[in-house]
Amino acid sequence: MSGASNRLTKIKDALTMNKTATTIPWDPDCTIFPTRKELPTIPGAPPEAAWVWGEDDHIGRLNLLTPTRIKAASAEIKTGEVIPLDLPLNVPEVPGFSREQFKHKIKVLAEGIAYDDIYELNTQSGTQWDGFRHFAHISTNTFYNGVRATDIVGPSANHRDSIHHWANHGITGRAFLLDYYFYAQSQNITYSAYSAHGISYADLAACGKAQGIDIRPAAQGGDIKVGDILLIRSGFVGQYHNLSSAERKALALRQHTVDPATDGQRYAGLKQEEAILDWLHDCYFAAVGGDAPAFERWPTTEPWYMHEYILALWGMPLGEMLDLERLSKMCKEKKRWFFFFTSAVNNCPGGVSSHVNGSAIF
């Protein structure tokens, strides 16, 4: 038995004994981890929970961004060119999901001499990281690593799963873009980013193949390394900018409903299917994100949400509404889809989410 396989066996043995995953945390520098189907049962946790980094862990898969992996990721920097990945704070003009519009005011400190800014905003109205406090595993009402609503709001509120833990760790590593919107156009596949168009694993695999990327994890013979950061372009930002202000507003103000049978807000995104769940889990991405408002197809057509798995069960940061337009152009020009990625998370103790404040560096 190889050393890596032997280590994996020891990890799984420890987790299936009368010990919890928080008693013996996994080693983030390991290169082989259980697949989704191999995940051990954790006493007191929902099925498929991967709460494996310690009882007091609040950063989840960001544990995979170790100094060794970050140093290796720096090899992706060839020219030093930087592509910012955040939309302006006032975009979208009218946010979806009944979220508040961004408001900006200048405060005069000394007329003609000194000024301040005052921002009023919802951090999830535009380019955002969904933090672990954002979405629970619905049937058990548990957030990542056993956090409850009483940890987030009310007299017993504390800093478990707070976004500032991400800020204190940092998000920096190797990332890659799957430009599905560009691929779809090349294949004469047309859809509206404001429709519930589902992007399947087969779609992403074909997109990756067209880009010269085997999207399977390295453990299965693919090109994806443990700790990589996934970005998917589904076309929302580009289509948003091609609409009139009135059209954007009307689409954003559609009813916020989770019933796919009724009229309401619709957004293209990853299809809720087992193959997608297996892939997202088994690649051991440190974080995932895209340009779509929900990342997953909205609303879901299944009795579950991908958010439940990504955030609550696996502890994987989830980015939405990143501006991937310039990045798409750069990747095509350079014929390079991997790059160095960095994100400065808002250091807000008790916070739910953050702007991405991200950049791709070539």
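What follows is a short exchange about a predicted model.

Colleague: What makes H9 and H10 roughly parallel?

Modeller: The axes of helix H9 (residues 274–282) and helix H10 (residues 306–313) come within 11 Å and cross at roughly 20°. Angles under 35 degrees count as roughly parallel, and therefore H9 is called roughly parallel to H10. The crossing of H9 past H10 is right-handed.

Colleague: Which residues make the contact between H9 and H10?

Modeller: On H9 they are Ile-276, Leu-277 and Leu-280, and on H10 they are Met-306, Tyr-309 and Ile-310. By class, this contact has six nonpolar residues, no polar and no charged ones.

Colleague: Why is H9 described as largely enclosed?

Modeller: Because seven of the nine residues of H9 are buried, the helix is largely enclosed by the rest of the structure. The buried residues of H9 are Ile-276, Leu-277, Asp-278, Trp-279, Leu-280, His-281 and Asp-282. Just after H9 comes Tyr-284, with a positive phi of about 50°.

Colleague: How do you know that H10 is mostly covered?

Modeller: Eight of the eight residues of H10 are buried. They run from Met-306, His-307, Glu-308 and Tyr-309 to Ile-310, Leu-311, Ala-312 and Leu-313. The cover over these buried residues includes H9, S4, strand S8 (269–270), strand S9 (287–290) and strand S10 (318–320). H10 is followed by Gly-315, where phi is positive, near 65°.

Colleague: Which residues have the most contacts inside the largest nonpolar core?

Modeller: That core has 92 residues, and those with the most contacts inside it are Leu-204, Leu-280, Phe-285 and Leu-327. Neighbours within four places in sequence aside, Leu-280 is in contact with Arg-61, Leu-230, Leu-270, Phe-285, Val-288, Phe-295, Met-306, Ile-310, Trp-314 and Met-316.

Colleague: Why is Gly-126 counted as buried?

Modeller: Gly-126 has 12% relative accessibility. The cut-off for buried is under 20%, so Gly-126 counts as buried. Gly-126 is found in the loop between strand S3 (114–120) and strand S4 (128–130).

Colleague: What does Gly-126 touch?

Modeller: Not counting residues up to four places away in sequence, Gly-126 touches Val-91, Pro-92, Glu-320 and Met-321. Its C-alpha atom is separated by 29 Å from that of Ala-50, which is 76 residues apart from Gly-126 along the chain.

Colleague: What is omega for the peptide bond from Val-91 to Pro-92?

Modeller: Omega there is near 0°, and the bond is cis. Pro-92 is in the loop between strand S1 (82–84) and strand S2 (103–110). The bond from Trp-298 to Pro-299 is also cis, with omega near -5°, and Pro-299 has its place in the loop between S9 and H10.

Colleague: Why is Asn-141 called exposed?

Modeller: Exposed begins over 50% relative accessible area. Asn-141 is at 51%, so it counts as exposed. This residue is in the loop between S4 and helix H3 (149–152). Although Asn-141 is not a glycine, its phi is positive, about 55°.

Colleague: What makes Lys-335 count as exposed?

Modeller: The cut-off is again over 50%. Lys-335 has 69% relative accessibility and therefore counts as exposed. Lys-335 lies in the loop between helix H11 (325–334) and strand S11 (338–343). Lys-335 is not a glycine, yet it has a positive phi of about 55°.

How values were computed
Residues are numbered from 1 along each chain as its sequence is written. This is a predicted model: local features need pLDDT of at least 70, side-chain atom pairs count only at pLDDT 80 or more; totals for chains, interfaces and linings use all residues. Side-chain values use heavy atoms; hydrogens and water are left out. A nonpolar core is a set of buried Ala, Val, Leu, Ile, Met, Phe, Trp, Tyr and Cys residues joined through side-chain atoms within 4.5 Å. Buried means under 20% relative accessible area, exposed over 50%, partly exposed in between (1.4 Å probe, protein chains only). Contact means heavy atoms within 4.5 Å. Axes are lines fitted to C-alpha atoms, for helices over the stretch in contact, and angles run from 0 to 180 degrees between N-to-C directions. Helices (H or I, at least four residues) and strands (E, at least two) are DSSP runs, numbered from the N terminus. Angles under 35 degrees count as roughly parallel, over 145 as roughly antiparallel, 65 to 115 as roughly perpendicular and the rest as oblique. A crossing is left-handed if the near helix is turned anticlockwise from the far one by less than a right angle, and right-handed if clockwise. Ala, Val, Leu, Ile, Met, Phe, Trp, Tyr, Cys and Pro count as nonpolar, Asp, Glu, Lys and Arg as charged, and the others, Gly among them, as polar.
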